[in-house]
Amino acid sequence: MYKKQMTIQKFLCLAAVIVSAIFFLYTLGIMTDLYDSLYDTMRNPNDVFATDVPGSIVYYNMQEFNRWFLMCSIGQILLAVLLYLTNTHCRRRYYIGNYAATALFTIGGIANAIFAHTYIEIFKGQFLQVDFAALKEHADMWGTLYTESTFWFDLHYGVFALLLIVCALLVYNAVWKMQLMNDEAKLLEEGRRTAR
């Protein structure tokens, strides 16, 4: 049983790194369409309210969030690396550091998912208030991107679903590991009693 559990544990630690990297890439991409379509609508960087397209202020409103979002994704990658630093991927028996690394990754994943969902939904609502007729006119005139797509906003559901699934599986794995360790301790104790 330990062999199967350890194979799954290695896979889960790798999955934690991969999903954290996906989170990081998502933070880099979320502003892409907004930059390409809305940045040029604000002709005066000193007065972001002077715009050709009402509602385009959402691009500037998202700047501070995106900075924090990027730092959160880097933090999640570091928490995934912590799983490897504590040998959670290959340790037969877990110690306090392994449980702590698993807990920190899970807490970070849940916190990031809540943070992202809350703010992305707010900014998605602001984006949907953009005057798309004016944006279309601006895009045709200046040759910039025109989009009404909320793809980058909606993508967070998939990214954070993956992250939360990995978090849940890491917790399940830790509970399974505790159960196996307890069963092993009981067998050893029974063996000692029999040997007496």
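This is a predicted model: local features need pLDDT of at least 70, side-chain atom pairs count only at pLDDT 80 or more; totals for chains, interfaces and linings use all residues.
Local features need pLDDT of at least 70 and side-chain atom pairs count only at pLDDT 80 or more, while totals for chains, interfaces and linings use all residues. Residues are numbered from 1 along each chain as its sequence is written, and side-chain values use heavy atoms, with hydrogens and water left out.

Figure 1. The protein chain has 6 helices and 0 strands, and its elements run α-α-α-α-α-α from the N terminus on. Here helices (H or I, at least four residues) and strands (E, at least two) are DSSP runs, numbered from the N terminus. Along the principal axes, the C-alpha atoms fill a box of roughly 90 × 25 × 20 Å. The radius of gyration is 24 Å, whereas a compact globule of 196 residues would have one near 16 Å; the value is taken over C-alpha atoms, and the globule rule is 2.2 Å times the number of residues to the power 0.38.

Figure 2. Of the 196 residues, 39% count as buried, where buried means under 20% relative accessible area, exposed over 50%, and partly exposed in between (1.4 Å probe, protein chains only). Among contacts with a separation of 6 or more, 80% come from residues 24 or more positions apart; a contact means heavy atoms within 4.5 Å.

**Figure 3. Y26 meets F69.** This is one of 20 aromatic pairs in the whole structure. The ring centres of Y26 and F69 are 5.9 Å apart and their planes lie at 85°, so the pair is edge-to-face. Rings of Phe, Tyr and Trp (its six-membered ring) pair if their centres lie within 6.5 Å; planes under 30 degrees apart count as stacked, over 60 as edge-to-face and the rest as tilted. The pair joins distant parts of the chain, with Y26 in helix α1 (residues 2-29) and F69 in helix α3 (residues 58-85), 43 residues apart. Y26 is buried at 2% relative accessible area, and F69 is buried at 0%.

**Figure 4. Y35 meets Y59.** With ring centres 6.1 Å apart and planes at 50°, the pair of Y35 and Y59 is tilted. Y35 sits in helix α2 (residues 32-38) and Y59 in helix α3, 24 residues apart. Y35 is partly exposed, at 42% relative accessible area, but Y59 is buried, at 9%.
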